Amino acid sequence: EDLIFAEAFSNLIEQSEYLYKEKYFLAAGVIGRAVLEEKLRVMCERYAVSFTKEKPTLSDYNTELYKLKVYDKIEFKNIDYLISIGNNAAHNQPIKQEEIGKFIEEVKQLLLKYN
């Protein structure tokens, strides 16, 4: 199962990078956000996190993982920052090209770190 997820994440990140290089920044950010959301969701499943909400948000995932001490406060804040960039892209809010580029790289690092 982990191998399948790793392959799917890899393909989506590659798509995000391609779109970024082709100057489709918002689309790249939206795909990156989807990867981030799926990674946090899978991590919550791994740590048996249960939610009272039917549809938890990325912030909910992040908060619960932090509460379980899966990562420290610095990582929590970094992921919170990534969530805000991904949300800005997904909701067509003002965002800089450089932010999307950094976002994609940070999501890739997150995937490697919590593999």
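E45 has a relative accessible area of 48%, so it counts as partly exposed (buried is under 20%, exposed over 50%, partly exposed in between, with a 1.4 Å probe and protein chains only). Bear in mind that this is a predicted model, where local features need pLDDT of at least 70 and side-chain atom pairs pLDDT 80 or more, while totals for chains, interfaces and linings use all residues. Residues are numbered from 1 along each chain as its sequence is written, and side-chain values use heavy atoms, leaving out hydrogens and water.

E45 pairs up with R41 in a salt bridge, meaning a side-chain nitrogen of Lys or Arg within 4 Å of a carboxyl oxygen of Asp or Glu. Both sit in helix 2, 4 residues apart, about one turn of the helix (helices are DSSP runs of H or I, at least four residues, numbered from the N terminus). The structure holds 8 salt bridges, including these:

| Pair | N to O distance |
|---|---|
| R41 and E45 | 2.2 Å |
| K108 and E17 | 2.6 Å |
| E75 and K113 | 2.6 Å |

K108 is in helix 5 and E17 in helix 1, so that pair ties together parts 91 residues apart in sequence. E75 in helix 4 and K113 in helix 5 are 38 residues apart; E75 is buried at 10% relative accessible area, whereas K113 is exposed at 55%.

Over in helix 3 (residues 58-67) you'll find N62, buried at 1% relative accessible area. Beyond its neighbours within four places in sequence, N62 is in contact (heavy atoms within 4.5 Å) with Y71, F76, I79, D80 and I83.

Technical notes. Helix = DSSP H or I, 4+ residues; strand = E, 2+ residues; numbered from the N terminus.
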